[in-house]
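Take a look at the sequence and the model below.

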Amino acid sequence: MSNIRNRKNLLKRKKLSFVSATTLVIGSSIGAGIFLKNNEILLNTGNSIYLSLIAWIIAIIGIICLGLTFNEVCSATPQNNQGIIGWVKKFCNKYLYDAAKNFMVYIYLPLNYFVMPYYVVLTIQQTFPNTWIATMPWYWSAIISFLISTWFIFISGMSAKATNIQNWIITSVKFIPIIFAAIIGYVYLGINNGQPHPQPTPDYGKAKLFQEYYPLLGVMVSIPSVFFVFDGFYGAASIQNEMKEPVKLPKALLFGLIIVSALDLLISISLMLSSDGSVSGQDFRNWLDSLNCEWLYKTINIMIAFGILGIINGFALFSSKLYGDLISLNEIWLSHFFKYKITSKNNFSGCLYCFFLTFISFVVFSFIGAYAFIDTSKYGDAGYGIQKELCQLYSLVDLLANWTSLFIFLCIDFAIIDALRNRKTKKIKTINDKYFYVPAVISSSIVIFGSAMVVIQSFSNLILGIYYSLNNSGNRYFDTSDEMIKFIVHVTMIVVVLIVISVIIFVLPLFKKDRSYVNKKC
């Protein structure tokens with residue numbers, strides 16, 4: 001009787017429907033990256049709409065193929081609170097599991113709670129340039145951003161129902177700018193007799209980056225940028241136990257990715273048709289202002305900022321479950337301190353641990369950004385009136401955001417590649433999905449290729465930066481010393497962050513007493 005009663009209680013607790021799970025996938029990924037990365041992709045390809053579309057299509061093929069693999073991968077982990085880390089744990093050896101776990105626990109989640117709220121504040125400041133909102137001191141932006149993360153860590157992290165309610169609200173609001181972005185390009189075509197916005201020949205300056213030497217290189221390095229647009233969808237991978245029908249999670253992930261892919265592609269084309277390729281977005285403001293519609297620009301921008309909250313909301317339930325599960329297993333630092341706060345009714349221990357790491361991230365990186373970095377993203381040149389320290393901080397935010405999504409897709413790739421091997425060994429019980437093998441090969445190949453290209457790009461730009469600085473006699477490559485310093489710091493810090501993350505992920509797990517550790521299963 002007790003088992004039957006427990007099962008009934010469990011079923012009552014499972015509130016999320018298939019539609020809600022699909023909406024969570026959509027709400028966790030769409031709305032931020034498409035607006036943050038679209039012009040970057042266009043600039044990478046020499047302002048070529050056609051080459052940008054090629055990058056989008058290749059990456060989307062990889063994403064859809066990724067979604068087709070989830071049915072078989074998820075079948076091996078029917079009771080999974082760890083999301084994609086649970087997949088790695090099930091299929092991979094202990095070394096790769098610890099590598100993925102270290103990245104997710106100590107880098108990815110704390111940095112996302114640090115990065116995403118700042119993009120909310122930045123978007124609002126760009127909406128109201130040269131006002132008190134844009135010119136406030138950096139520490140107010142830090143406090144506001146930290147409070148945003150704190151809200152979602154505890155409110156969404158403690159309850160799947162709260163996550164679902166907030167997701168529906170945020171997604172409903174964010175779909176307004178999404179619809180606007182999806183049609184604005186075609187409206188522009190109608191107003192301008194079927195002519196898209198002219199794309200100027202890109203002015204790269206004298207010191208070219210790796211991807212600027214040939215547009216095809218820009219296509220290759222833009223593939224991971226498209227991955228960033230989908231960043232966050234995997235937060236829904238941890239809600240399987242919260243669904244009314246857990247077996248439908250893979251379909252929810254796949255359908256959500258298909259919907260996001262279609263919308264993002266439509267939005268990307270629309271934005272490219274109506275944009276002049278500038279990073280600042282001033283072309284939209286100026287165009288709408290000429291039509292006496294600047295109010296529309298401000299309204300849409302505020303909704304975009306609100307939409308970014310959906311990504312943070314999607315992370316919250318996932319992070320509390322992951323941290324809580326790892327604490328109960330004594331698998332992360334200071335587990336013994338937080339373990340006594342574990343209860344069967346909520347995820348408080350996981351929320352508290354997540355809050356602890358997020359607080360450290362804000363204190364450390366906010367001060368580094370404000371006082372020990374430089375404005376490599378040139379926010380100070382965009383004319384918004386944002387203070388120098390905050391421009392420097394936002395540049396650090398951009399730098400940290402570049403690598404996180406790339407490594408998380410590699411973690412997913414670990415599980416898929418080993419799931420492919422499992423087809424031969426059959427050591428792990430899974431369903432034999434006929435749509436798994438070919439999509440797994442395609443998605444893994446695209447992820448590995450894109451990752452390799454970004455690594456090559458990073459080290460190539462560092463080499464180019466050193467070469468330019470050593471051969472700058474007569475201002476051959478840089479017009480001013482300040483321009484040269486920004487360039488060198490930018491390309492150097494990208495490589496430094498890559499090396500630091502790689503060491504934490506791949507080197508630290510090697511310091512284990514068990515010599516057979518690398519080949520040992522979890």
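## A buried charged residue

Start with E72. Its relative accessibility is 2%, so E72 counts as buried. The cut-off for that word is under 20%. Keep in mind that this is a predicted model.

What does the side chain of E72 meet in a salt bridge? The partner is R423, and the N to O distance is 2.8 Å.

## A bridge between two loops

K206 and D479 also meet through their side chains in a salt bridge, at 2.6 Å from N to O. K206 lies in the loop between α9 (160-191) and α10 (215-229). D479 lies in the loop between α17 (437-470) and α18 (481-507). The pair therefore ties together parts that are 273 residues apart in sequence.

Are these two residues buried, exposed or partly exposed? K206 has a relative accessible area of 38%, so K206 is partly exposed. D479 has 47% relative accessibility, so D479 counts as partly exposed too. Partly exposed is the class between buried, under 20%, and exposed, over 50%.

R421 and D418 form a salt bridge through their side chains, at 2.8 Å from N to O. Both residues lie in helix α16. They are three residues apart, which is about one turn of the helix.

R421 has a relative accessible area of 52%, so R421 is exposed. D418 has 10% relative accessibility, so D418 counts as buried.

## The wider count

How many salt bridges are there? The count comes to seven. Some charged residues join up in a network of salt bridges: K89, D98, K101 and E331.

Which residues make the contact? From α15 come F365, S366, I368, G369, A370 and Y371. From α16 come E389, Q392, L393, L396 and L400. These contact residues divide into seven nonpolar, three polar and one charged.

Note on methods
Residues numbered from 1 in each chain as written. Predicted model: local features only at pLDDT ≥ 70, side-chain atom pairs only at ≥ 80, totals over all residues. Heavy atoms only, no water. Contact = heavy atoms within 4.5 Å. Helix = DSSP H or I, 4+ residues; strand = E, 2+ residues; numbered from the N terminus. Nonpolar A, V, L, I, M, F, W, Y, C, P; charged D, E, K, R; others polar. Salt bridge = Lys/Arg side-chain N within 4 Å of Asp/Glu carboxyl O. Buried < 20%, exposed > 50% of the residue type's maximum accessible area, 1.4 Å probe, protein only.
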